[in-house]
Amino acid sequence: GDSVTQMEGPVTLSEEAFLTINCTYTATGYPSLFWYVQYPGEGLQLLLKATKADDKGSNKGFEATYRKETTSFHLEKGSVQVSDSAVYFCALSPSTSGTYKYIFGTGTRLKVLA
Amino acid sequence: KAGVTQTPRYLIKTRGQQVTLSCSPISGHRSVSWYQQTPGQGLQFLFEYFSETQRNKGNFPGRFSGRQFSNSRSEMNVSTLELGDSALYLCASSWAGLKDTEAFFGQGTRLTVV
């Protein structure tokens, strides 16, 4: 079945460091891919998405490119801030007609130190 | 406009009891999904409703059920509570429930079973 694999955390970085969080997926067809972020005590917020191969999603300095050939959707940011500290979830929405749900990775906790 | 509202935010129940959680989606959204979040299993899909019909169901026992009303508000019910049902239950709404559309999450209901 469809699945998402995310790099294990926690990831600890200094402010202004470069961030990469790896995400790979297994799915039939052409799923849509998402990155969600969860701050302490909150629900999930959409960070960015990509709906087809080679699409690049971007928001708030974060970017991720839908790579069909490597089945990956790695999250990157050039310069992290303390306020980016949160848990990041990679997710896919299957391409199967009539199936609307998200399959999430395990989440990667990011801690940014001042 | 108002976001997804889940009530109550916190709940403590005793083993064997039943519980009902409520979710009010964003106005105009017709798809409501439910997820269970635990430290061990991560985020797992429970079920999705669209226009009062359950379209998808995850791999959970029959003790977990839900419904959606004509105004798109949704409830989920867990009967005969077990300690392992302790989790954060997240509701998400989407305007159409299509794979390319983002889901908006509520802050969740934290259920503790003692």
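A cavity is a set of grid points where a 1.4 Å probe fits but cannot get out, and a volume is the space filled by probe spheres set on the points.

Q: How much space lies in the largest cavity of this predicted model?
A: The structure holds one cavity of 30 Å³ or more. The space in the largest cavity is about 40 Å³.

Q: Which strand gives the most to the lining of the largest cavity?
A: Residues of both chains line this cavity, among them A:Tyr100, A:Lys101, B:Ser93 and B:Ser94. In chain B, strands S4 (31-38) and S9 (87-94) each supply at least two lining residues. The most, three residues, comes from S9(B).

Q: How many charged residues does the lining of the largest cavity have?
A: By class, five lining residues are nonpolar and three are polar. The charged class has one.

Q: Which three residues supply 34% of the area that chain B buries against chain A?
A: The two chains bury about 1800 Å² between them, with 52% of it on carbon and sulfur atoms. More of the area that chain B buries comes from these three than from any other three residues: B:Leu43, B:Lys99 and B:Phe105.

Q: How many residue pairs are in polar contact across the interface of chain B and chain A?
A: The contact takes 23 residues from chain B and 23 residues from chain A. Between the chains, the count of salt bridges is zero. With both residues at pLDDT 80 or more, the pairs in polar contact number nine.

Definitions and conventions. Residues numbered from 1 in each chain as written. Chains lettered and ligands numbered in written order. Predicted model: local features only at pLDDT ≥ 70, side-chain atom pairs only at ≥ 80, totals over all residues. Heavy atoms only, no water. 1 Å grid on protein atoms, 1.4 Å probe; cavity = no way out; pocket = protein on both sides within 12 Å on 5 of 7 lines; lining within 4 Å. Helix = DSSP H or I, 4+ residues; strand = E, 2+ residues; numbered from the N terminus. Nonpolar A, V, L, I, M, F, W, Y, C, P; charged D, E, K, R; others polar. Contact = heavy atoms within 4.5 Å. Buried area = accessible area lost by both parts, 1.4 Å probe. Salt bridge = Lys/Arg side-chain N within 4 Å of Asp/Glu carboxyl O. Polar contact = N/O pair within 3.5 Å; in protein donor to acceptor, adjacent residues only side chain to side chain.
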